[in-house]
2 protein chains.
Amino acid sequence: MGKNVTIYDVAREAGVSLATVSRVINGSSVVKPKTRDKVLEAIQRLDFKPNQIARGLATSKTTTIAIVFPQSLFAHVKDMIGGIGDTSRRLDYSVSIYTTDEIGDGNPIETVIEKVVKSRADGVILFNNEEIEKEITLVNKYKIPAVVIGTRVTGDYMGSIFADAKKIAYEVVDRYLAQDKSDILFVSPKQNLINVEEMIVGIQEAYQKYHMNFDATKQVVRTSSHYEKSYPQFLEYFKNHKHDLVFTSYDKEAVAVVNAAIDNGIQVPDEMDVIGMMNTSYALICRPSLTSIHVPVYDMGALAVRLLTKILNEEEIEDKAVVIQHLLMPRDTTKKDF
Amino acid sequence: MGKNVTIYDVAREAGVSLATVSRVINGSSVVKPKTRDKVLEAIQRLDFKPNQIARGLATSKTTTIAIVFPQSLFAHVKDMIGGIGDTSRRLDYSVSIYTTDEIGDGNPIETVIEKVVKSRADGVILFNNEEIEKEITLVNKYKIPAVVIGTRVTGDYMGSIFADAKKIAYEVVDRYLAQDKSDILFVSPKQNLINVEEMIVGIQEAYQKYHMNFDATKQVVRTSSHYEKSYPQFLEYFKNHKHDLVFTSYDKEAVAVVNAAIDNGIQVPDEMDVIGMMNTSYALICRPSLTSIHVPVYDMGALAVRLLTKILNEEEIEDKAVVIQHLLMPRDTTKKDF
DNA sequence: CTGAAAGCGCTAACAA
DNA sequence: TTGTTAGCGCTTTCAG
């Protein structure tokens with residue numbers, strides 16, 4: 001659509017060479033104030049907007065970072081997009097989104113990463129998911145600097161931001177076991193930002209501390225991340241089940257548990273405690289309101305971008321694997337004294 | 001990071017000119033099968049990934065669309081990103097996100113649109129919000145093809161996708177007025193994807209039909225889109241208020257109303273009906289479950305991309321303003337006979 | 001302090 | 001059917 005004004009136009013208008021224009025738009029300090037003003041004025045008059053594409057070609061830098069995640073993880077990612085967006089904007093990066101596992105047309109992760117490669121994004125932010133290993137292998141193969149959110153990774157030009165999943169799980173389970181409440185059920189969907197395997201390890205370690213055993217085959221139930229699926233599943237389940245604690249890896253699943261339990265006449269928290277994770281609005285809205293583990297997702301997004309740009313600029317980095325802190329938010333699905 | 005293989009490398013490897021390589025990667029039909037195979041093989045061997053940036057410079061096309069929205073609208077936009085992402089991928093476009101009104105560093109819409117201009121995105125998707133007029137003026141000024149979601153707009157190289165806000169509001173209010181229930185409260189946050197002004201017009205028209213008057217100064221309450229703010233507001237409000245119906249422009253606000261009303265001893269739906277909008281998971285999770293207006297947000301995203309690409313390709317377009325259908329989903333916050 | 005000129009990697013006439 | 005060549009709009013030496 002329409003002719004765009006180029007650096008040549010500005011040069012002509014200002015009566016200088018294009019090299020000079022380039023210098024002023026890049027803030028070079030060597031250009032004489034008077035010339036600079038002339039150029040600036042021409043830029044203003046012509047409403048010149050430097051073409052990032054051309055600049056990208058010339059510099060082999062796009063100042064763009066890509067974020068790639070499966071659609072199913074979107075609920076988690078969305079809360080981070082705030083931090084990712086704000087921070088990239090502040091650091092003058094654009095962000096492009098690439099999603100995987102959409103409906104229908106089988107879109108293997110290879111294809112998605114290939115798109116990222118073609119786009120020449122400077123770096124990429126990945127999110128923990130089932131295929132994360134493969135994703136990491138691919139970004140390494142193409143030497144794309146990356147930071148992954150949700151699980152620890154190591155490697156050149158790689159960083160990671162994550163909550164200590166093992167510790168989170170250990171802490172809550174320990175609390176219950178200390179009170180002799182060992183009938184604990186752990187609920188998790190397949191895709192999860194927090195490393196579920198590690199959480200299970202944390203739970204097991206807590207049981208070991210009390211010389212007890214956590215039976216993952218019976219005390220872990222998988223569920224859908226869609227309430228329409230998980231709620232009916234638990235409505236059935238709680239017809240003949242009750243636990244000291246049901247601990248879920250995401251609030252939405254916890255709400256399904258709470259509602260299904262209550263609908264089966266189980267008093268929450270009097271007869272059963274429920275704890276969710278991520279401290280989302282679901283936890284606030286739920287009745288009774290849901291006790292949840294707060295994880296600063298906005299900050300994780302912001303940190304991820306910052307870390308990635310440090311890697312890109314080869315800045316000094318204290319630690320390329322940053323553990324973010326979590327916090328238990330007690331509400332009404334756990335007993336007062338808990 | 002590291003040298004990328006270029007079209008020259010492939011040409012040399014295959015023993016042809018770079019023009020031929022360009023032809024095969026662009027699927028030109030004029031190249032002899034045998035040559036094509038040679039080239040394809042070289043591409044394979046070298047793992048060549050065409051540089052989109054260079055291609056963008058050469059063609060003045062980036063096959064990228066930008067989506068810009070205020071952070072505060074993210075809750076709405078997120079549900080559309082699925083449709084936007086899937087559809088752009090299918091049509092071979094990338095999507096870049098640009099958010100406005102983040103914390104702190106005042107980021108006027110002009111600056112954001114300027115970034116879009118510099119990025120040379122082929123087109124942009126905008127979302128109805130307080131500043132939409134200004135946004136439209138800007139994209140017109142820079143002649144960026146655009147489609148806006150959430151409100152009707154007209155113009156060259158512009159399209160829009162929206163629900164009929166006036167009709168939605170008219171229909172629900174009409175239902176109540178027909179039953180002599182005219183004490184209706186309309187609740188809305190400032191930013192909303194659905195055009196709130198139009199909804200109010202729809203409500204007013206319904207009242208007029210019954211020769212009654214809807215007093216916008218008293219029957220409309222503004223609230224925050226944060227539950228932490230809206231719930232306390234309504235907790236206070238319902239100490240001395242009760243209505244036939246509380247109708248909100250988004251489910252989350254409706255849930256705040258439901259919870260606050262119940263906490264003040266108001267029976268929902270026996271004493272007061274509540275209806276939300278967008279039919280989100282909040283509606284399902286809420287107790288009692290929330291009656292809501294379903295709007296196919298995924299499809300809106302998908303349609304927006306499709307429409308935008310039609311505009312970009314100057315394809316035949318039946319209607320550049322497409323109204324999407326809504327549907328009332330009755331649940332437990334409205335009386336059975338309603 | 002400023003200008004000339006050589007790319008960056010690819011597309012698209014135009015020739016052959 | 002294939003190759004040659006001139007850009008696309010900008011950055012960046014290298015001279016001056």
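**Figure 1. Salt bridge between D332(B) and K336(B).** K336(B) is exposed, with a relative accessible area of 75%. In this predicted model, the side chain of K336(B) meets that of D332(B) in a salt bridge, at 3.8 Å from N to O. D332(B) is partly exposed, its relative accessible area being 36%. Over all chains, the structure holds 40 salt bridges.

**Figure 2. Salt bridge between E315(A) and R306(A).** The closest N and O atoms of this pair are 3.4 Å apart. E315(A) counts as partly exposed, at 33% relative accessibility. R306(A) is likewise partly exposed, with a relative accessible area of 29%.

**Figure 3. Surroundings of K320(A).** K320(A) is placed in the loop of chain A that runs between α14 (297-312) and β11 (321-324). With a relative accessible area of 29%, K320(A) is partly exposed. Residues up to four places away in sequence being left out, K320(A) touches G155(A), D156(A), Y157(A), M158(A), G159(A), S160(A) and L307(A). For one of these, G155(A), the backbone oxygen is reached by the side chain of K320(A) at 3.0 Å. L308(A) stands 12 residues from K320(A) along the chain, and the C-alpha atoms of the two are separated by 9.4 Å.

**Figure 4. Helix α7 of chain B and its two faces.** Helix α7(B) spans residues 132-141, and its buried residues are I132(B), E135(B), I136(B), L138(B) and V139(B). Seen down the helix axis, these residues fall within an arc of 165°, so they line one face of α7(B). An α-helix has 3.6 residues a turn, so residues three or four places apart point the same way. On the face turned away from the buried side are the exposed residues E133(B), T137(B) and K141(B). Just after the helix, K143(B) takes a positive phi of about 55°.

Figure 5. The side chains of K141(B) and D47(A) meet at 3.7 Å, N to O. K141(B) lies in helix α7 of chain B, while D47(A) lies in the loop between α3 (33-46) and α4 (52-59) of chain A, so the pair joins two chains. K141(B) is among the exposed residues of α7(B), whereas D47(A) is partly exposed, with a relative accessible area of 26%. Both residues belong to a network of salt bridges that also links K49(A), E114(B) and K118(B).

**Figure 6. The contact between chain B and chain A.** Chain B brings 58 residues to the contact and chain A brings 59 residues. The area buried between the two chains is about 5,400 Å², and carbon and sulfur atoms give 60% of that area. Between the chains there are 6 salt bridges. In one salt bridge, R287(A) pairs with D263(B), the closest N and O atoms being 3.0 Å apart. The count of residue pairs in polar contact between the chains is 25. On the side of chain B that touches chain A, at least two residues each come from α4 (52-59), α5 (74-90), β2 (94-100), α6, α11 (227-237), α12 (251-263) and α13 (281-285). Of the elements of chain B, α5(B) gives the most to this side, with 8 residues.

**Figure 7. S96(B) and its contacts with both chains.** S96(B) is located in strand β2 of chain B. At 6% relative accessibility, this serine counts as buried. The side chain of S96(B) makes a polar contact with the side chain of S96(A), at 3.0 Å. Neighbours within four places in sequence aside, S96(B) is in contact with V95(A) and S96(A) of chain A, and with T64(B), I65(B), A66(B) and I67(B) of chain B.

**Figure 8. The cysteines C286(A) and C286(B).** A search of the whole structure finds 0 disulfides over all chains. For C286(A), the closest cysteine sulfur is that of C286(B), 10 Å away, which is too far for a bond. C286(B) is accordingly in no disulfide. A disulfide is a covalent bond between the sulfur atoms of two cysteines. C286(A) counts as buried, at 2% relative accessibility, and C286(B) also counts as buried, at 2%.

Key: Residues are numbered from 1 along each chain as its sequence is written. Chains are lettered from A and ligands numbered from 1 in the order in which they are written. This is a predicted model: local features need pLDDT of at least 70, side-chain atom pairs count only at pLDDT 80 or more; totals for chains, interfaces and linings use all residues. Side-chain values use heavy atoms; hydrogens and water are left out. Buried means under 20% relative accessible area, exposed over 50%, partly exposed in between (1.4 Å probe, protein chains only). Helices (H or I, at least four residues) and strands (E, at least two) are DSSP runs, numbered from the N terminus. The arc is that of the directions from the helix axis to the C-beta atoms. A disulfide is a pair of cysteine sulfur atoms within 2.5 Å. Contact means heavy atoms within 4.5 Å. Buried area is the accessible area (1.4 Å probe) that two parts lose on being put together, summed over both. A salt bridge is a side-chain nitrogen of Lys or Arg within 4 Å of a carboxyl oxygen of Asp or Glu. A polar contact is a pair of N or O atoms within 3.5 Å; within protein, one must be able to donate a hydrogen and the other to accept it, and residues adjacent in sequence count only if both atoms are side-chain atoms.
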